Structure formats: C-alpha cells, structure tokens
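Please look through the sequence and the model together before reading on. The report below can then be followed residue by residue.

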Amino acid sequence: MRTKVAIIGAGPAGLLLGRLLDRAGIDTVILERRSQDYVLGRIRAGVLEQGTVELLDKAGVGERLHADGLVHDGVELCFDGDRHRFDFRALIDRTVTVYGQTEVTRDLMQARDASGATTIYEAENVSLHGFDSDRPSVRYVKDGVEHEIACDFIAGCDGYHGVARASVPEGAIRTFERVYPFGWLGILVDRPPVAEELIYAHHERGFALCSMRSHSRSRYYVQVPADEKVEAWSDDRFWDELRRRVDRETADALVTGPSIEKSIAPLRSFVAEPLRFGRLFLAGDAAHIVPPTGAKGLNLAASDVGALAEALVEFYAERSTAGVDGYSARVLARIWKAERFSWWMTSILHTFPETDAFSRRIQRAEFDYLRSSDAAARSLAENYTGLPM
C-alpha cells in the first residue's frame with residue numbers, strides 16, 4: 001500500500017488531520033491499535049475554544065456541534081465559597097462551546113467513513129521506518145499478516161504512550177515534565193448540570209469542578225491524592241465531598257444520581273521538543289500533555305493538526321517546504337503558552353502537600369486580583385477562549 005501521509009492514531013487529532021487533508025485532496029491512511037468502539041468509549045474533556053469550533057467547521061463536521069453544543073459566554077471561579085463570574089463575551093467578545101470529545105471523535109469518524117478514506121483499526125506491532133530519509137514507511141500486523149505502507153510523511157497522533165514519539169532516537173528529542181501529586185476523581189451522571197456555566201472551585205479540602213456534557217448530562221470532579229483508588233469512592237461519598245467544596249448555593253442546587261462512569265485522571269504537564277524529525281511529525285498528546293484545569297488538551301491537539309495540515313497542503317500544492325520546516329517552532333510557541341496557563345490555573349485552584357497558610361493567602365490574593373482587575377480578567381478570558389499561534 002502507498003499513501004501520501006500515514007497517520008498513527010485514530011483519536012480526534014489523527015482523525016481531524018485526516019479529514020483536513022482529505023478535503024484538500026491529499027491521500028491518507030490512519031492506523032489505530034485499538035478498536036473503533038474502544039476509541040469511542042474514551043471519556044475526555046469537552047470545552048472547545050472558538051478557534052477549534054472554526055477548524056471543525058472547516059473540516060465539514062460542525063453541523064451536530066452547532067445543534068447540540070452548549071455555547072458559554074463565561075466561566076465562574078469560586079474560592080472558599082466566594083463565587084465570581086467572568087463574562088468572556090463582555091470582556092473580549094469571545095465564547096467557548098461545551099461539546100464532548102467523544103462526540104467530536106464520532107463526527108470525525110462518520111465523516112471519514114463516508115469519504116471512503118482508509119482507517120485500519122486493531123493494527124498491531126506498528127513500527128515506523130525511514131523517516132530520516134525521503135522514503136518513510138510504516139509496518140503493522142493485522143489478523144496475523146504483516147503489512148507495509150510506503151508514504152511521504154508520517155504524523156504521530158497516537159498519544160502519550162504511543163509508538164511515534166518512542167521511535168525517535170533518544171538523543172534527538174528532549175522532554176520536559178511535571179507530575180502533580182494529585183488527580184481528578186470524576187463522575188458522569190444523567191442529571192441536569194447544577195449551573196449554566198462551568199464552576200471551578202478552590203477549597204482547603206481541595207479543588208472541585210462542576211461541568212456538563214449536555215442539558216441533561218453532568219460531569220463533576222474533586223481533587224484526590226495521586227495514589228487514591230476509585231473503588232474507595234461510593235457515589236454518596238463523592239456527592240458529600242463535592243458539596244463541601246463548592247459554595248452553599250451550588251451545594252443546595254445539586255441534583256445527584258447514580259454515576260454512569262467514574263474514574264481518576266492523573267495530572268501532569270509534559271512537552272517534547274522538537275516535534276519534527278525528518279518526515280515524522282508529532283501532534284496532540286504525543287507531543288504534549290496539559291493538566292485539564294485550563295481546558296487546553298483537545299484544543300492544543302486541534303491547533304497542532306490545523307498547522308500541520310496547512311504545512312502539508314502547502315507542500316503538495318506549491319512544492320514548498322517552508323511550512324513543514326517551520327511546523328515545530330510554530331506549534332511549540334502556542335504549546336508553551338497553553339502549558340503556562342494550565343499550570344497557573346492548576347496552581348491557584350488546587351491544594352498541594354506543601355500548601356501552608358501563606359500559600360493559601362497568596363492563592364486568595366490571586367483570586368481577588370482576578371475579580372478586581374479588568375486587565376487580569378481579560379487575560380483570563382483571552383487564555384481560556386483561545387491562545388494565538
């Protein structure tokens with residue numbers, strides 16, 4: 001088999017890249033080691049920046065997003081029960097849209113299936129070859145038979161634990177990482193959300209987040225130690241803890257119910273540099289991880305593949321290597337801005353093992369500054385709704 005671009009990973013990053021290239025007339029093959037049902041079963045974030053929505057529209061998959069997505073004009077921050085709303089539309093005339101990552105993935109899968117483009121699920125023993133030359137290829141095993149795909153470029157969109165980044169020679173890549181001493185215990189529940197917009201809450205017992213997936217499905221989180229076990233948390237224990245951490249009005253308005261999904265997500269910050277190695281490019285979680293506090297993970301992945309698609313379209317249309325040569329520097333500039341914002345949100349909203357009375361007063365001062373300074377509020381709005389490239 002031969003294709004122009006071999007894409008490793010059928011998550012939203014790989015599927016969106018494939019869709020953008022397909023619409024530009026550039027052939028792609030996507031390889032995914034998991035089944036299609038497994039990929040669709042992943043529960044992930046669902047806050048889309050305005051630029052991500054525009055990119056999904058460009059990919060031709062925005063119809064259901066606009067019909068079912070919830071447009072939010074702002075967000076609320078709460079500190080020890082003191083709640084303040086930041087109005088993004090009033091501050092900078094921008095918004096975000098709540099639409100689950102699972103639904104983004106579903107829309108992209110359906111569009112790819114309808115286009116007839118090739119996606120190979122349950123591809124085993126995927127290996128990358130020759131990406132430091134002009135004859136790269138990808139090998140894999142399917143149903144016990146080994147196959148090889150010759151290509152012009154390889155896009156590694158296969159996540160933090162994927163084969164793409166692991167294929168880069170050790171001396172050619174540098175990684176930066178911070179692992180946080182806590183995680184988010186999250187539950188999904190078929191009950192109306194407690195508020196129309198997200199509520200981020202800081203409490204001396206730990207962070208909490210009130211979020212949603214739709215008008216009838218809610219997603220809630222509480223901070224727990226990194227070594228916590230999900231089995232230790234009954235639904236009743238979770239609801240009791242959430243009520244303690246949010247303000248009284250929110251606690252009284254909570255509509256509880258049995259969880260339909262419950263899991264603990266560890267938090268880390270991670271960046272790999274560079275993101276281009278000859279004919280191989282890294283994008284999405286293969287290139288970076290951000291703590292979910294800043295709602296940047298899916299949006300960064302979309303930004304990566306939007307830039308990569310532009311570079312590859314330029315290469316095939318104009319035979320210019322300017323875009324592919326500049327890909328790594330271009331996206332890393334935005335990645336580090338997102339890492340900074342996500343780290344900052346995490347640092348002011350969570351309690352750390354070393355948090356003392358002085359540290360909590362500093363966190364409180366940061367919160368008070370945000371709500372009293374128009375410049376600080378605009379900065380929050382600009383970072384949350386979408387960072388420039």
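What follows describes a sheet, one of its inner strands, a helix and some ring contacts.

This is a predicted model, in which local features need pLDDT of at least 70 and side-chain atom pairs count only at pLDDT 80 or more, while totals for chains, interfaces and linings use all residues. Residues are numbered from 1 along each chain as its sequence is written, and side-chain values use heavy atoms, with hydrogens and water left out.

**The sheet**

Helices (H or I, at least four residues) and strands (E, at least two) are DSSP runs numbered from the N terminus, and two strands pair if DSSP finds at least two bridges between them. In this model 8 strands form an open sheet with mixed pairing, in the order β6-β5-β14-β15-β16-β13-β17-β20. Because β6 (82–87) and β20 (288–289) stand at the edges with a single partner strand each, one side of each is left without a neighbour in the sheet. Helix α11 (residues 322–349) packs on the sheet, touching β5, β13 (174–189), β14 (199–202), β17 (259–273) and β20, where contact means heavy atoms within 4.5 Å. The direction of α11 makes about 130° with that of β17; axes are lines fitted to C-alpha atoms, for helices over the stretch in contact, and angles run from 0 to 180 degrees between N-to-C directions.

| Strands | Bridges | Residues standing opposite |
|---|---|---|
| β5 and β6 | 6 bridges | G74 and D87 |
| β14 and β15 | 3 bridges | A201 and A208 |
| β15 and β16 | 5 bridges | L209 and Y221 |

**Strand β15**

Another hairpin joins β15 to β16 through 5 residues.

**Helix α1**

Helix α1 (residues 12–23) has 12 residues, which at 1.5 Å a residue should span 16 Å, and its end C-alpha atoms are 16 Å apart, which agrees; the expected span is 1.5 Å times one less than the number of residues. The helix is mostly covered, since 10 of its 12 residues are buried, among them P12, A13 and R19. What covers the buried residues of α1 includes β1 (5–8), β2 (28–32) and α10 (297–318). After α1 comes G25, whose phi is positive, near 80°.

**Rings and charges**

The structure holds 18 aromatic pairs; rings of Phe, Tyr and Trp (its six-membered ring) pair if their centres lie within 6.5 Å, and planes under 30 degrees apart count as stacked, over 60 as edge-to-face and the rest as tilted. The rings of F182 and F352 have centres 5.1 Å apart and planes at 75°, so this pair is edge-to-face. Because F182 lies in strand β13 and F352 in the loop between α11 and α12 (357–372), the pair ties together parts that are 170 residues apart in sequence. Both F182 and F352 are buried.

Key. Buried < 20%, exposed > 50% of the residue type's maximum accessible area, 1.4 Å probe, protein only.
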